Every structure is written in structure tokens, then in C-alpha cells.
Amino acid sequence: MTSTYQQMIFVNLPVNDLDASKKFFTELGYAINPQFSDDNAASVVISDTIVAMLLTKPFYATFTKKEIADATKTSEVMVALSAESREKVDELVEKALAVGGSPAGETQDHGFMYGRSFDDPDGHTWEVVWMDPSAIEG
């Protein structure tokens with residue numbers, strides 16, 4: 001019997017201004033799940049299996065004993081999202097740049113793989129990548 005369970009990923013990110021971060025991600029076309037959102041956190045639904053949890057820094061600090069990195073100065077993580085085409089890579093990155101994101105890194109074009117990246121308003125780096133399915137198959 002095949003399992004239908006889909007493992008999920010919840011990326012927890014500390015943010016300076018929860019309302020501004022929610023606005024940024026909703027302007028990218030993502031929904032906020034109110035069931036898991038409040039004054040300290042916002043649940044950004046990226047897909048059925050990917051959720052970005054935007055947490056105010058004081059709330060984020062309750063989950064760790066480590067110092068919270070300033071993502072505008074220190075690389076803490078790069079979140080990579082797949083895209084269905086090169087055009088969709090460009091579309092999402094251009095939208096992010098138009099609504100308050102900033103460029104991060106150079107465009108990567110290897111023919112079979114294409115990617116661009118942006119930093120969100122808190123400095124977290126998001127990569128958007130397309131890979132030719134025929135290159136994966138074979």
C-alpha cells in the first residue's frame with residue numbers, strides 16, 4: 001500500500017515588522033493562513049507542502065537560545081523555491097523586486113537550469129530555480 005502522506009516544510013523566519021512582511025508575501029501572491037497567524041506570527045502558504053512562518057523577533061527568540069542573525073548582514077539560510085519555467089522564475093523575482101525585495105546574487109543560467117534570487121525586506125535570501133525536466137530524467 002502506498003502512503004499518501006506528504007512531508008511538509010515549515011521555514012521559520014524572524015522578521016522586524018510582521019505587517020510589512022505579510023504585505024510583501026501577499027503581494028507576491030501567497031496567502032496568509034489565519035488559523036496559524038496572530039500578532040506574533042504569520043503563516044504564509046507557499047504551496048500545499050511549504051509554509052513560511054514569519055515570526056516577530058521576540059517570539060522567534062522563544063524557540064532558540066542562539067543569537068538571532070541580522071539577515072541583512074549575515075547569511076543564515078537560502079530558501080530555494082522551484083518554478084515551472086524560466087519565465088516563472090523571472091515573473092516571481094521581478095514581482096519581489098517591485099514590492100520591496102532587493103536583488104541577491106547574479107542570475108544563474110546553465111541552459112538546463114536557470115535561477116535568480118532576491119532578499120525579502122528582512123534580508124532573507126530566496127532563490128527561484130527552474131530545471132529542465134528532461135535533464136532530471138536522464
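**Aromatic pairs in a predicted model**

The structure holds four aromatic pairs, where rings of Phe, Tyr and Trp (its six-membered ring) pair if their centres lie within 6.5 Å. In one of them, the ring centres of Phe24 and Phe25 are 5.1 Å apart and the planes stand at 90°, so this pair is edge-to-face (planes over 60 degrees apart; under 30 counts as stacked and the rest as tilted). This is a predicted model, in which local features need pLDDT of at least 70, side-chain atom pairs count only at pLDDT 80 or more, and totals for chains, interfaces and linings use all residues. Residues are numbered from 1 along each chain as its sequence is written, and side-chain values use heavy atoms, with hydrogens and water left out.

Phe24 also forms a tilted pair with Phe118, at 6.2 Å centre to centre and 55° between the planes. This pair links distant parts of the chain: Phe24 lies in helix H1 (residues 18–27) and Phe118 in strand E8 (residues 113–119), 94 residues apart. Helices (H or I, at least four residues) and strands (E, at least two) are DSSP runs, numbered from the N terminus.

Phe24 has 2% relative accessibility and therefore counts as buried (under 20% relative accessible area; exposed is over 50%, partly exposed in between, with a 1.4 Å probe and protein chains only). Phe25 is buried at 2%, and Phe118 is buried at 2%. Ring pairs link Phe24, Phe25, Phe118 and Trp126 into a cluster.
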